[in-house]
Amino acid sequence: MFALPERDREGRRVIFYRPGVFDLREYTNADMLKIHGICYETLMADEENQIRGYIHAGVGTGIGLPYLTLFTIKEAVRIAKNGEKILPMRHREMYGCNINPAMKVAVDFGMSLISQKLRERIRLYTDIKDIEMEKRLLPKEYGGEMPMAEMIRLWKLELEAYRSRLLADDEMSVNLSMYSDAAKEGSVGALKEPLNGCTGASDNTTYGLAGSFRKLEVD
């Protein structure tokens, strides 16, 4: 996955996905999550992206049944549910193309995990030539203007520019005693739990802040 260099007519960045090139023999599901984290954190650092939101476009070429082993059902549920709630990203439009018919059950399951709001923003196509977005933005290999290799080179430059800030995030510490065991395991239901059983009445101002931001919603 990589962000395309040009914005669309509404100034939004487009994130392009090619999961079929992910080598299951060499990499793990943790590597897959790191790829997403690096991409999203880099893009979210730009305030314009936070305001305008994102377009997601992907091709399913190369994806087969072995990919269903990448995550367990419990992991898939937690990733989908928690990802939508905890990432402050405005997912404006989502396009999927060239999806293997054998993966229909997996696609339907994934769609059931996300909110109705996001489901209404997803468009699936048999061929990328039918995609209803600005095709000029896509890699040349998929009907656009700029070769994919050049797009990836430019994206790597963006990542390199943000590298020091991204690595600095690893230096942050989290007070795990404030979270329940369920929350530390990624339980979906724990999203609604107050920190450390706190209801807002506490001498620790950190709790008050957490309560203030708990109602934040991202369209």
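Good morning. The model is predicted, so local features need pLDDT of at least 70 and side-chain atom pairs count only at pLDDT 80 or more, while totals for chains, interfaces and linings use all residues. Residues are numbered from 1 along each chain as its sequence is written, and side-chain values use heavy atoms, with hydrogens and water left out.

I begin with the overall arrangement. The protein has 8 helices and 5 strands. Helices (H or I, at least four residues) and strands (E, at least two) are DSSP runs, numbered from the N terminus. Along the sequence, the pattern reads β-β-α-α-β-α-β-α-α-β-α-α-α. Of the 219 residues in the protein, 30% are buried. Buried means under 20% relative accessible area, exposed means over 50%, and partly exposed lies in between, with a 1.4 Å probe and protein chains only. A contact means heavy atoms within 4.5 Å. Among contacts with a separation of 6 or more, 73% join residues 24 or more positions apart.

The 5 strands form an open sheet in the order 1-2-3-4-5, with mixed pairing.

The bridge partner of F2 is F16, and that of A3 is I15. To strand 3, strand 2 is joined by 5 bridges, and this pair runs parallel. V14 stands opposite I55 in strand 3.

Is strand 2 mostly covered or uncovered? Strand 2 is mostly covered, since 5 of its 5 residues are buried. R13, I15 and Y17 point one way from the strand, whereas V14 and F16 point the other way. Helix 1 (residues 29–44) lies across strand 1, strand 2 and strand 3 (54–59), and runs at about 175° to strand 2. The axes here are lines fitted to C-alpha atoms, for helices over the stretch in contact, and angles run from 0 to 180 degrees between N-to-C directions.

In strand 3 we find H56. H56 counts as buried because its relative accessibility is 8%. Leaving out residues up to four places away in sequence, H56 touches I15, Y17, Y40, H91, E93, M94 and Y95.

Next, the core. A nonpolar core is a set of buried Ala, Val, Leu, Ile, Met, Phe, Trp, Tyr and Cys residues joined through side-chain atoms within 4.5 Å. In soluble globular proteins, nonpolar side chains tend to be buried together. The largest nonpolar core here has 27 residues, of which L4, I15, F16 and I131 touch the most other members. Strand 1, strand 2, helix 1, strand 3, strand 4 (91–97) and helix 6 each supply at least two residues of this core. Another core, of 6 residues, lies apart from it and includes M32, I63, L70 and M103.

I131 is in contact with Y95, C97, Y125 and L138, setting aside its neighbours within four places in sequence. M133 is found in the loop between strand 5 and helix 6, and is buried, with a relative accessible area of 13%. Beyond residues up to four places away in sequence, M133 touches V14, A57, Y95 and L138. M133 and Y95 are 38 residues apart in sequence, and their C-alpha atoms are 8.5 Å apart in space.

Finally, helix 6. The 22 residues of helix 6 should span 32 Å at 1.5 Å a residue, and its end C-alpha atoms are 30 Å apart, which agrees. The expected span is 1.5 Å times one less than the number of residues. Helix 6 has a kink of about 55°, centred on R163; the bend at a residue is the angle between axes fitted to the seven residues ending there and the seven starting there.

Which parts do the buried residues of helix 6 pack against? They pack against strand 1, strand 2 and helix 1. M148, M151, W155, Y162 and L166 are buried in this helix. I152, also found in helix 6, is partly exposed at 26% relative accessible area. The C-alpha atoms of I152 and P5 are separated by 8.8 Å, although these residues are 147 apart along the chain.

Thank you for your attention.

Terms used. Two strands pair if DSSP finds at least two bridges between them.
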